[in-house]
Amino acid sequence: MVDDLAEQAGVSVEILEALSLAVPGGAGRFYDQRIHRKKHGGIREVFNPKSPFDFVSKNLHRNFLRRFSYDPPSHVHGFVRGRSTVSNAGQHLAKPCVLRMDLEDFFPSIGAATIKAILREQGYEEKAADIAVNLVTIGGKLPIGLSTSPLLSNLAFLSTDRSLAEYAQSEGLSFTRYVDDLTFSGDVADRHSEDIAQILDDAGWSVNTRKTAFMRRGGPQYVTGLYVGESDRPRIPRQVKRKMRWTLHVISKFGYYTYMKEFGGADEVMLRNRLLGWACYIAAVEPDVGYPLLRAFDELVPEPDDDIYDLLY
């Protein structure tokens with residue numbers, strides 16, 4: 001079975017075993033570690049794998065997708081092909097109340113023992129599971145940044161997904177999960193958040209209470225960053241559309257490089273790909289707004305020119 005794992009990883013058994021021993025303490029050599037401060041307190045560690053670890057991680061991810069027995073529940077929209085923040089938000093349109101709850105340290109709270117149990121359930125023998133655990137965890141935890149982490153996180157949460165879905169159905173509530181973002185909508189009351197927190201606690205998960213929010217009809221209702229207060233479809237927040245239109249106005253009036261140098265573009269890293277990426281996202285959510293933006297930005301924003309950027313910065 002170790003031979004099979006090595007084949008899935010795209011390396012020899014010798015290299016696979018050497019990596020499994022070296023990666024756990026391989027900061028700097030096999031991966032870079034970045035620490036981000038969260039808006040509401042705390043930190044988030046993000047790991048960026050280097051070659052050959054990155055090559056192995058991506059190969060394992062592709063093979064896990066093919067081999068693992070995982071049928072995503074209909075309410076799970078994160079890391080599932082064909083689903084997105086838009087499909088997630090679309091389940092909560094024009095509801096009397098939307099309850100948002102966030103999990104505390106979702107990925108790092110999934111430990112090596114849980115991952116090994118998942119791998120054993122998927123048919124990996126003891127030694128192969130031990131080697132794989134060393135390649136998909138860092139510091140005994142599921143890390144943010146490895147290709148293998150998203151699928152493994154969904155598998156780790158599967159039994160809790162089912163418990164929450166059963167509870168929501170029994171209470172007549174709509175329920176979706178996008179990674180660590182849980183959303184319930186309908187006639188939501190305080191007791192529901194208490195019940196949900198208890199289900200999560202019983203399963204070993206913690207709620208980030210600072211981000212729990214009740215959003216009632218008539219006020220702002222946002223799900224995975226999209227406004228859901230209207231019944232036809234999710235919408236891009238007004239402030240985002242206003243900012244994009246303002247950016248387009250400045251670029252059309254003064255030119256892209258003047259915008260970059262004088263109007264805060266450089267500070268916000270609003271480079272060409274990011275502008276076009278935002279326009280594409282808006283077009284996916286609200287085509288009538290996004291496609292004109294996309295065409296305008298494509299015409300007005302030049303292709304990157306390293307020499308000019310060197311002069312500007």
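User: What should I know about the model before we start?
Analyst: It is a predicted model, in which local features need pLDDT of at least 70, side-chain atom pairs count only at pLDDT 80 or more, and totals for chains, interfaces and linings use all residues. Residues are numbered from 1 along each chain as its sequence is written, and side-chain values use heavy atoms, with hydrogens and water left out.

User: At what angle do H12 and H13 pack?
Analyst: Helix H12 (residues 272–285) and helix H13 (residues 287–300) pack at about 155°, with axes 6 Å apart. H12 is therefore roughly antiparallel to H13 (angles over 145 degrees count as such).

User: Which residues of H12 meet H13?
Analyst: Among them are Leu275, Leu276, Ala279 and Ile282; contact means heavy atoms within 4.5 Å.

User: Switching topic, which residues touch the most other members of the largest nonpolar core?
Analyst: They are Leu16, Ile115, Leu119, Leu135 and Leu200, in a core of 59 residues. Such a core is a set of buried Ala, Val, Leu, Ile, Met, Phe, Trp, Tyr and Cys residues joined through side-chain atoms within 4.5 Å, where buried means under 20% relative accessible area (1.4 Å probe, protein chains only). Helix H6 (residues 126–136) gives the most to this core, with 7 residues.

User: And where does aspartate 105 lie?
Analyst: Aspartate 105 is in the loop between strand E3 (97–102) and helix H5 (112–121). Aspartate 105 has 34% relative accessibility, so it counts as partly exposed (between 20% and 50%).

User: What is it in contact with, beyond four places in sequence?
Analyst: Aspartate 105 contacts Lys38 and Ile43, leaving aside neighbours within four places in sequence.

Terms used:
Axes fitted to C-alpha atoms, helices over the stretch in contact; angles between N-to-C directions. Helix = DSSP H or I, 4+ residues; strand = E, 2+ residues; numbered from the N terminus. Parallel < 35°, antiparallel > 145°, perpendicular 65-115°, else oblique.
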